[in-house]
Amino acid sequence: MHPAWFASPDDAVRRLLEVGYLADAATATTAFLTGALEKPLLVEGPAGVGKTELAKAVARACGAELVRLQCYEGLDEARALYEWNYKKQLLRIQASTQAGDGGPGWEQTHDDIFTDEFLLTRPLLTAIRREEPTVLLIDEVDKTDVEVEGLLLEVLSDFQVTIPELGTVTAVRRPFVVLTSNATRELSEAVKRRCLYLHLDYPDLERELEIVRSQVPALEERVARQLVETITRLRDLDLKKAPSIAESVDWARTLLALEIGDLDEAAVDATLGVVLKHASDHDRAVRELKLRR
Amino acid sequence: MTGEETGDSGLLRRHVAFLEALREAGLPVSLAEGLDAVAGVRALGWDDRELVRAAYAATVVKRQTQRAAFDAVFDLYFPRLLGEGAAAPELADEHGIRDSAAALEEFRERLATALEQLDELAANEPQEGESEGDGGGPSLQDLAAEAVGRFGQMPGRAPGRSGWSAYNTLRRVAPGELVAGLLAALAERGRSEEEAQRRAERRVAEFTRLVEADAVRRIAADRDPAEVARITVRPPVDLLDFTSARRADLEEMRRQLYPLSRRLAARLTKEQHARRRGPLDFRRTVRASVSTGGVPLTTHHRPKRPHRSELVVLCDVSGSVASFAQFTLMLVFALREQFSKVRAFTFVDDVHEVTDAFVPGADPGEVLAQLALRAQHAARFGRTDYGRAFARFAEEHADALGPKASLLVLGDARSNYRDLGEGVLAELVASCRSAWWLNPEHPRHWGTGDSAAPVYGAIVPMVECRNLVQLEQFVHDLV
């Protein structure tokens, strides 16, 4: 039995904080459970609240290596799991036939070309075969096709992969699996059932303030507070795309670069483009915050 | 903690009953997830309520829309405290009376101070109140519990059946009247007027919410929690009926609409891509085979031309179904790129075209406001008259329909016993490629009272569409 990922939820908070990720109670508890129960963790939430960052932070906090599978439409087995290096196999066959009539028979060649040497491991198989602690990040899992989900089922429930020519590869050490999703598509019940679930939402005011302060330490406390308060108000406005944490950090950097020492209405109006990316959102914010009187 | 121990302490039974109540509230909790929850709680221990909540939430809730229902049921089955709690001071005064004018006066003062002093942090995080005694003064949550304990008791009809009422409590305490004082206090601390207003309202709303939750908690302690859950827990917003939605629910639905349409658009594009394999592109296939020694390992295909149709939406915007019609219109227009052309008409007893209200990229709130404003153009006498509306449509806008167009009628088919105009509708349907009728009522109500659903159903296929999930499904199938 290898040591657990986190000793307790408090330990998770502390160690994630050390690597610069401010986790709230629910996030830390769920991260602890993911390690303790050795089940994959499905993280959902709006874009830019730190879903991917959570996986990276866990990897840093536990000294594990991050193996990342970026999902996209059209992702298939060959790019998620493993592939036979057929060009190399072709060369091998040609080489053995050209060696003369004394070359090995078909049986021998067949055994030769389906060995580890000709196997190209892709992220899922890599993560399972690793003996060191590993965090497997399956990013934007909602972008894949339904077939890939079927593929994930075997990997996620038993942590094993069946390769017809080699047999079943079982994980020596179960990786810490994080799946992220923007919920553009409803994942199948089968995948959800095997995962723990965490919904990451926009943080509350104080936590966001801490995040902005830790990311942009040079920004004055007072301006940072004004900024976070404005962001919180913007999120209440029912916009098409509410500003995310990443955008508040961007905004903080912008203010710093422009040397704006006081976030008054004129300053908000001038830099609003950093946080709002839709024209109608922009209009709405100007109207609701009464920026131009 | 072993299995037997949990069984003996009644926790196991509580756990099973809890899962049962969740299933009843619409969360599909499987056996495996229940076992995961037990494993999770065992890893965390039972000594912190919020940790237990987190363990259950991580293992059992798999969709954010279910979270509200989960929290409500959790509060019923694992209440914060029973009655007043063991640590609370005795509420009754020396005469054994809890509720007196003096007590009310004194309590309101304490509440006002607490609301003033309340840090923004605590207002945002209700859990903060759980860690007792932080910051010296009583937390809002304790105050809410005390308020219900003092002022919310209702004499029971039978001994031991006394109830608790959030309504009575709030009427006595009247936190709304404290807003003015709170405003002055906040203004003193240098908050701008708007800011103070917003904060004061948020705090009072928070207190109101806590009082309501506390009353439910006390009721649940006296009765069977399953019974209380059935009454108080509302279904997730995407399964809520349009016709029974409250104002706040409609607001929430409207907020769900834009993400929903984006999700639907993403899904549709993906599905079209998956079906896009057209005829074999011989040239590209052969070229690609060169790198594999002339063996065509991968085949390439020509893209398929997507098929797009025109859509004509005709919706009833009379009071009973207005919100349903608006939602459907918004969703259809969010997906307009899937159709070659969309035209929308609203009617009550006259027809009015609203296509131009849907400007690409417009703010959804504004569009809805405009739709509501323009609904008056669609009404003459203000009572739904399908026959007249169809006739007017056929007269004025018959050009909208054609062999490429699909007709979508939205309405509850409640005719107020007027002329149905089946003949006109049949002609309209015959002149277009396909037609549907979306009805926001449950099929068991079709044909009752003045509902003409069976009559229209014989002419146009009638589809039940009561909530956002069904609406999403229908629009998806339509495209």
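D350(B) is buried, with a relative accessible area of 7%. Keep that residue in mind for the first exercise, and remember throughout that you're looking at a predicted model.

**Exercise 1. A pair in chain B**

Task: Find the salt bridge between R392(B) and D350(B), then work out where its two partners sit and whether each is buried or exposed.

Solution: 
- Step 1. Start with the contact: the side chains of R392(B) and D350(B) form a salt bridge, with 2.8 Å from N to O.
- Step 2. Now place the partners. R392(B) belongs to helix α17 of chain B, while D350(B) is in the loop between β6 (341–347) and β7 (351–353) of that chain. They're 42 residues apart, so this pair links distant parts of the chain.
- Step 3. Check the cover. Buried means under 20% relative accessible area. R392(B) has 19%, so it counts as buried, and D350(B), at 7%, is buried too.

**Exercise 2. A salt bridge inside a helix**

Task: Describe the contact between E50(B) and R53(B), and say which network these residues belong to.

Solution: 
- Step 1. Look at the distance: the two side chains meet in a salt bridge of 3.2 Å, N to O.
- Step 2. Look at the spacing. Both residues are in helix α4 of chain B and lie three residues apart, which is about one turn of the helix.
- Step 3. Compare with the 20% cut-off for buried residues. E50(B) is at 21%, so it counts as partly exposed, whereas R53(B) is buried at 11%.
- Step 4. Follow the shared partners. Salt bridges join E50(B) and R53(B) with R49(B), R67(B), D71(B) and D75(B) into one network.

**Exercise 3. Bridging two chains**

Task: How many salt bridges does a search of the whole structure find, and why does the one between R63(B) and E189(A) join two chains?

Solution: 
- Step 1. Take the total: the search turns up 39 salt bridges over all chains.
- Step 2. The closest N and O atoms of R63(B) and E189(A) are 2.8 Å apart, and the two form a salt bridge.
- Step 3. Locate both ends. R63(B) is in the loop between α4 (49–60) and α5 (67–77) of chain B, and E189(A) is in helix α9 (residues 189–194) of chain A, so the pair joins two chains.
- Step 4. R63(B) is partly exposed at 24%, and E189(A) is partly exposed at 42%.

**Exercise 4. Two helix pairs**

Task: At what angle do α17(B) and α18(B) pack, and at roughly what angle do α15(B) and α20(B) cross?

Solution: 
- Step 1. Take α17 (residues 386–397) and α18 (residues 422–430) of chain B. They pack at an angle of about 45°, and their axes are 8 Å apart.
- Step 2. Name the arrangement: α17(B) and α18(B) are therefore oblique to each other. α17(B) passes α18(B) in a left-handed crossing.
- Step 3. Move on to α15 (residues 322–334) and α20 (residues 468–478) of chain B. Their axes come within 11 Å and cross at roughly 40°.
- Step 4. That angle makes α15(B) oblique to α20(B), and α15(B) passes α20(B) in a right-handed crossing.

**Exercise 5. Positive phi**

Task: F159(A) and A413(B) each have a positive phi without being glycine. Where is each one, and is it buried or exposed?

Solution: 
- Step 1. F159(A) has a phi near 55°. You'll find F159(A) in the loop between α8 (146–158) and β6 (160–163) of chain A, and at 2% relative accessibility it counts as buried.
- Step 2. A413(B) has a phi of about 60°. A413(B) sits in the loop between β8 (405–410) and α18 of chain B and is buried, with a relative accessible area of 0%.

**Exercise 6. A nonpolar patch**

Task: Which residues form a nonpolar surface patch with about 270 Å² of accessible area together?

Solution: 
- Step 1. The members are Y86(A), V295(B) and L297(B).
- Step 2. Zoom in on V295(B): this residue is in the loop between α14 (282–289) and β4 (301–303) of chain B, and it's partly exposed at 45%.

Terms used:
Residues are numbered from 1 along each chain as its sequence is written. Chains are lettered from A and ligands numbered from 1 in the order in which they are written. This is a predicted model: local features need pLDDT of at least 70, side-chain atom pairs count only at pLDDT 80 or more; totals for chains, interfaces and linings use all residues. Side-chain values use heavy atoms; hydrogens and water are left out. Patches are made of residues with over 30% relative accessible area and no salt bridge: like charges are joined within 9 Å, nonpolar side chains (Val, Leu, Ile, Met, Phe, Trp, Tyr) within 5 Å. Accessible areas come from the Shrake-Rupley method with a 1.4 Å probe; for residues, only the protein chains shown count as cover. A salt bridge is a side-chain nitrogen of Lys or Arg within 4 Å of a carboxyl oxygen of Asp or Glu. Helices (H or I, at least four residues) and strands (E, at least two) are DSSP runs, numbered from the N terminus. Buried means under 20% relative accessible area, exposed over 50%, partly exposed in between (1.4 Å probe, protein chains only). Axes are lines fitted to C-alpha atoms, for helices over the stretch in contact, and angles run from 0 to 180 degrees between N-to-C directions. Angles under 35 degrees count as roughly parallel, over 145 as roughly antiparallel, 65 to 115 as roughly perpendicular and the rest as oblique. A crossing is left-handed if the near helix is turned anticlockwise from the far one by less than a right angle, and right-handed if clockwise.
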